[in-house]
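Take a walk through this structure, one part at a time. Keep the sequence and the picture side by side as you read.

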Amino acid sequence: MKNTAVELVGITKAFGENTVLRGIDLELHAGQVTVLMGANGAGKSTLVKVLCGVHPANAGTIKLYGEAFSPLTPSEAIRSGVVTVHQSINDGVIPDLDVASNLMLDHLAKPGSGFFLNKKKNYAEARKIAAAMALDVDVRQLVSELDLADRQLVAIARAMAHKPKLLILDEPTSSLSATEAKRLFVLLDRLRDSGVAILYISHRMSDIRRISDRIVSMRDGKISGVFEESPLDYEGAVRAMLGHSMTDANIQIQEPGTPIMQMKDIVLQEGATAFSLDLHANEVVAITGLVGSGKSGLANVLFGLSKPHSGEMTLKGAPYNPRSQGQAISAGVFLCPKDRATNAVVQDFDITKNITLPFLARHSLFSFLNFGSEHVTAQNTIADLGIICQSDTDEIGSLSGGNQQKVMVGRWLVEESDLLVLDEPFQGVDIKARRDIGEKIRKTATARATAVMVSEMDEALEIADRIIVMNDQTIVGDHRNENIDLRLVLTQVVGQLNNATGNDEHAN
Amino acid sequence: MNMQTDNLKTTRPKRTATEIAIRYGFLALMVGLVIFFSVTTEGFASPYSAVFIFQSVAITGILALGVTATLVVDGFDLSIGSTATSALMLSAYVLVVLEMNAFVAVAACLVMGALVGLINGILIVKFRVPDLLATLGMMFLLIGLQRIPTQGRSIATGMTLPDGRVAEGTFSKAFLALGRHRFDFFIDNLIPVSVIVLLVVGLLVWVFMELTRHGRLMYAIGSNSRAASLAGTNVNRYKVLAYMISGVLASVGGILLAARLGRGDIASGNNLLLDSVAAALIGFAVLGAAKPNAFGTIIGALFIGILLQGLTMMNAPYYTQDFVKGAVLVVALVFTFALSKRGGAH
Amino acid sequence: MTLSRRIFMKIAGSAVALTAGLSPAFAGEMPAPFDNAGDVKIALVRYLSTGDFFQAYLSGVESQAAAIGVDLRIFDSRQDAALQADMVDQAIALGVDGIIIQHGLTEAMQDAAQRAIDAGIKVVAFDVNVENAAIPQVEQSDYLLGKLALEQAIADNGNTWNAGYVYVAGIAPLDRRDVAWQDVKAANPGIKELAMFGTLDNPIANSVANQARSVLQANPSITVMFAPYDEFAKGVKIAVDEAGMTDQVDIYSADISTADISAMREAGSAWAATVATNPAVVGEVSVRTLAMLLAGEETGHNVVVPPTLITQAFLNDNDIKNMADLSANMPQFAHADVSVPAWMPLPKR
C-alpha cells in the first residue's frame, strides 16, 4: 500500500557547536499528508531547509523514490521535485504581477523560453493551470488584489506547476482565517488524491485534525513520535512534541508572597475570553501554550508593547497602563524579549555594552559614562551566570547561543524589578545554559514577581512554582508545580478541540 | 533558532597580520602619503602646508561629522550640502539685506540648521518616510528655497534687490573673522578659525558618541533599533536628535563657508555632500572600527585633503582628483566590509 | 508636472505682458509688425539659468522686450538639453513670432531650430552654434575677453613673469578664452606658466581657493594669476589673501558682478583687472537682433557684443559700488551700439 516517496536516514545537521538535527530517520509516503509538529527550536525549519536545498546535511542520506537526493541549491531541489511553499505568503508570489505571470513565472525564468512575452499564450497556459487546481480567479488580476487565501492558493498552484514529488507546506494557514483555510484544505485533498507526498508543518490543532493522515513529532533535533494509526492520537503527538523526560529538575517550590501584578478581566483580542491573573512576589510563573495561544500577547501587554482590548492592570496596587517600554521599565516591569537576534542582541556591541544597555543612566554622571562601573557590573553578571568568554570586552557575536542568551537575561537581572517577564528565554539554548539561566532566575526571584513564557513542558517544570496554560488567547489552566497532573496540562494545551472528539483515551 | 549567531567561534582569535593591517593599515597609508609628497613635492612639508590641508577639509569635515551622527543611528542625511549652502545664503541675507550683525546671522543659521534637522527627523520617525527619500526631498526643497528671496541671484553688498532697493549691508568684520582670522601658534597668524572649529566640533562629537550614554544608545539604535527600543530607549527621539546634530553642523559649515567667501553664492552644495559622505565612509576603515566614528571621519577628511593638496602641488589636473577620491573611498570600503570580521559577519 | 509648468509659464508670461503694457510706448514710429507690438510674441528658451550672469542676461532681455512692447515668454530647461529642444517645439506650438535660444548643445538644438525656421519663426541664438545660415549668432567675444585682460597684465607687469592659470577644459567659453592665453604665451616667451589648475566643484570659489593655495605654496614665485572666469578669480583672491601674498600677486580675470566689484575694491586687493561684457546688454542685443529679423531687416550672421576692460583703479577713481554705478560711469559697458536701427526703442536707464 505504502509508496515511499522520500526516505531520510540518519540526517544530522550542526551549526558550529550547536547540533540542530541529531539523526533523523523518516519516511514520507506518496498520497499522504504527513504533519510535522515541533516546538520552537525543535529543528523543523532546519529539516525543511535540508530537504529544500538551503542547507546541506552534515551526515545521512536522502532518497527520493529510491534515488539519492542531496540538493545543493533550492533550484536544484525544485528541479528534482521537492517544492516548498514558505510561511510568508508573499515569499511565494510576486504581488505586483498578475496571476498569469505568477503562475508562469518559473517557465519564464527557464533558459530558452524566448525573449518576448506571448501574452495570449501565457494567459491560456495560466488558465489551464488554474483550472487544474480548481482555482477560481481571473488570471489577469494582480496578485496584490487577491485576498490572502487566494494568494496562498496561487503560491501553491505555482509550486504545483513544477509537478512536485514532495510538496512541503510551512505553516500555510498562519495568516488565513478558518473559512479561507477550508479552501486550502479542499485543494490539498485533491493534491493528495493525485499522489503527491505532502509534508505539512503546523501548530494549529484544527488544521492538523482536518488534514493529517499521519503525525510526526519532533523534539530537540530528533523524531520523538510517529502517529499513523487511525484514529490519530493527537494528544500523544503534542506530548511527544512538548516532551517530558522528567529530567532531575530539583526545585523547591516557594510559597507565593504579596501580589505584585494584578490583571483583571483582561481581553487580549477582540472576541477572546476574558481572564484574570495575579502574579506574586517570590513566585516564578511559567506560562505555556502552543504558538498563537496568546503567551507573547500577554508578555507584550505586561510590557506596554500593546494594549489589552479591555481589562485593568494594577502594579503593587496602583493602576498600571504603560504607554512605552521606557515607562514600563521605570515602573519596575522588565521584559527579556524572545528571538534574541532580532529583539535583544546589539551585534556591534561587546558583552559589557550589551549588559549595561537598559540601565546606562545608572552608570553615568551628567550623561558621561563611567566605564569602571560598567566593567564591574559586567564582571559580576559574567560570574553570576557562568558566561563563558575570554573577557567582558568580547564581541557578543563571538559567544555561543546559550551564552548570548545569558547576557540577554543578565541584562535584566542587574537591576531590581517588581515584575520580570521573560519571553521564551530558553529558545535556541543548550541544556547547560538553560539550567544556569533557570537557576539564576529562581535564585533572584524572592522580591519580585516573575513570569516566564515557555513552549516546552520540561522548561516549565524546571523553573516554575506555578504553571499557567494558555489557549486561544486566554488562560485555561493554573497549576501549582507540585504533584502536577501532566495529562491534564497537556489536554489544556491542546484545547477543547481534542476533547470534542473524545477519542483520546489510549495514552501511551 | 539562531544559526547565524550560533555558528561563530567561542574562542577569540589572536591578532593576526590581517587584523593589524585592518587596524593600522589606513593610518600607515596616510603616513606613507605624507612622506611620499614631502619627498617628491617641494614645499609640501611645512607647517603652512599642514594648516592648508586642515583648512581645505575643515568645512567638509564638519559636515562629515554631521553625516556621522546620522550614520550612527543607521540613518543618512542627503540634505547636509544644501543645508550648508542655505546657511551660506541665509547669513549673507541677514548681513547684507537685513543689515543685522554677525551674531544674529550666526544664530539664525544655527536655528535654521536645527529646524531642518527637526523636520527631517519628524519626516523619518513620525511619517515613516525612508531616510534617503526624506532628506533627498529636503535637499531639493532647500536648493530651491535659498534662491527664492533673491530670485536666484547671489547676495553681495550693493546688489539690487527684487524691489529695486540697493542692499547696503556688509559682511561685518566680526563675521568675516570667522573665515579669515588666524590664531598664532608658534608662528604668527597660523591657524584659521575654521580649523579650530573643526577640531572642537570633532572633539565634541567624539566625546558625545564615545563617552556619554546618549552616544552609546545611538550606536545601539544603529546596530539593532528594536533591541534598543525593547531596552527602553526612546528611539525616535534619538533619531531626531541625530538629524538635528547633522543640520546644525551643516549650518556651521555653511557659516564658515560664507565667512570665507565673503558673499552669498547660490550653490547646490552637492559637492560638499559627496565629499563629506566620502570622508565619513572612509572613517569606517580607520583603526578597523567598521562603524561610523568621529575620529575616523576627521582622519578620512584629512586623508582626502592630503591627497588633493599633494596632487594639486604636483600640477595634476582637476579630473584626477575625483578619480583619486573615488579610489580612496573604494579601498576604504573594502577595508571595512571585506577584510574586517565585523563588517563581513553580517 | 508638464501641465503645471505650462500653467506657470502662462502666468509668468502674462505677468511680463502686463509689465510690458505699463512701460512707455514707442509703438507709433516702429515698422510692422511692431506697429502692434502687443500682438508680437517672442520666446526665450534657456539652457543655463542659475547664476548672476544668467539673471542679468534675463533682465536685459526683459527690459528690451518691455521697451519694444512685445509679449515675452520664458522657457527654462535648467540644463536639460532634451527638454530645451521640446521647449522650442512648445514655443512653436504656442505660435510665437520669434525665438531666442540661449545656450544649449549644438546637437540637441540644431533640429529644433530648423523646425522653428520651417514654421516661419525667426530665430536668434546666443552662445550656441546651431549651424544654420538663417539664424544670426549673438556672441560676446570670449577671445577678446581673454585678450584684453592679458594685454592689461602685460601693460602692468611687463612681458616677463611667472603665471598661474586657472582653466577647466571642455567648457566652450573657457576654451575660447584659452586660445587667447595660448596666443599671448606664444608671443611672449618671457611669460612662464608654472601651474595650471581649476575645478568646477560647487561652490566653485571655495574649491578653487583650496587648489590655488596649494599652487602658491608649491610655486611661490608666481606674480600673475590669469583666472578668466570671475568665480575662479574669487577663489584665487581668497587663496592669495590667505597665503599673505596679496602684495606680490596680481589677478586678471573675465566677467564682473556687484560682488566682484567689492572684492576688487577691497583695500590692497590683488584683483587688478577684469574684462567683461555686460550680460544685460547681451540680453538687450539678443532681443533687438530678433526684432530686426521680424521687421525684415538685415542683421549679419555674427552679432558680436564687444567687451570692456575694467581696472581696479577705474573702480576706485569713480567710487563704483555696484553694477548700476558701473553702467552709469562707463557708457560703453551700459550700452552696446549693436543692432540699433533708427526706429529701435531702447530701455530706459
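Start with a sheet in chain A. Four strands build this open sheet, in the order S2-S1-S4-S5 of chain A, and their pairing is antiparallel. Which strands stand at the edges? They are strand S2 (18–29) and strand S5 (67–68) of chain A. Each has a single partner strand, so one side of each is left without a neighbour in the sheet.

Now look at one pairing inside that sheet. Strand S1 (residues 4–15) of chain A runs antiparallel to strand S4 (residues 59–64) of chain A, and five bridges join the two. Follow one residue across: Val6(A) stands opposite Leu64(A) in S4(A). Helix H1 (residues 44–51) of chain A touches S1 and S2 of chain A. The direction of this helix makes about 65° with that of S2(A).

How far can you trust the picture? This is a predicted model. For chain A the mean pLDDT is 85, and 93% of the residues reach 70 or more. One stretch of chain A needs care: over residues 497–508 the pLDDT is below 50. Beyond near neighbours in sequence, that stretch has 18 contacts in the model. Where pLDDT is low, the predicted coordinates should not be read in detail.

Next, see how the chains meet. Two pairs of chains touch, and the pair with the most contacts is A and B. Chain A and chain C share no contact; their closest C-alpha atoms lie 25 Å apart.

Take the A and B contact. Chain B supplies 29 residues and chain A supplies 39 residues. On the side of chain B that touches chain A, helix H1 (3–6), helix H9 (213–223) and helix H10 (225–230) of chain B each give two or more residues. Which of them gives the most? H9(B) does, with seven residues. By class, this side of chain B has eleven nonpolar, eleven polar and seven charged residues.

Chain B also touches chain C. Here 30 residues of chain C are in contact with 32 residues of chain B. On the chain C side, two or more residues come from each of helix H2 (52–68), strand S7 (191–197), helix H7 (204–218) and helix H9 (258–265) of chain C. H7(C) gives the largest share, ten residues. This side of chain C divides into twelve nonpolar, 14 polar and four charged residues.

Chain C has 13 helices and twelve strands. Its radius of gyration is 21 Å, close to the 20 Å that the globule rule gives for 349 residues, so chain C is as compact as a globular protein of that length. The C-alpha atoms of chain C fill a box of roughly 60 × 40 × 35 Å along the principal axes. Buried residues make up 54% of the chain.

Finish inside chain C. Is strand S2 (residues 71–76) of chain C enclosed or exposed? Six of its six residues are buried, so this strand is largely enclosed by the rest of the structure. Asp71(C), Arg73(C) and Phe75(C) point one way from S2(C), while Leu72(C), Ile74(C) and Asp76(C) point the other way. In a regular strand the side chains alternate between the two faces of the sheet. S2(C) has a parallel partner: six bridges join it to strand S1 (residues 41–46) of chain C. Across this pairing, Leu44(C) stands opposite Ile74(C).

Note on methods:
Residues numbered from 1 in each chain as written. Chains lettered and ligands numbered in written order. Predicted model: local features only at pLDDT ≥ 70, side-chain atom pairs only at ≥ 80, totals over all residues. pLDDT = per-residue confidence, 0-100. Contact = placed C-beta atoms within 7 Å. Rg over C-alpha atoms; globule rule 2.2 N^0.38 Å. Buried ≥ 20, exposed ≤ 12 C-beta atoms within 10 Å, placed from the backbone. Nonpolar A, V, L, I, M, F, W, Y, C, P; charged D, E, K, R; others polar. Pairing = 2+ DSSP bridges. Axes fitted to C-alpha atoms, helices over the stretch in contact; angles between N-to-C directions.
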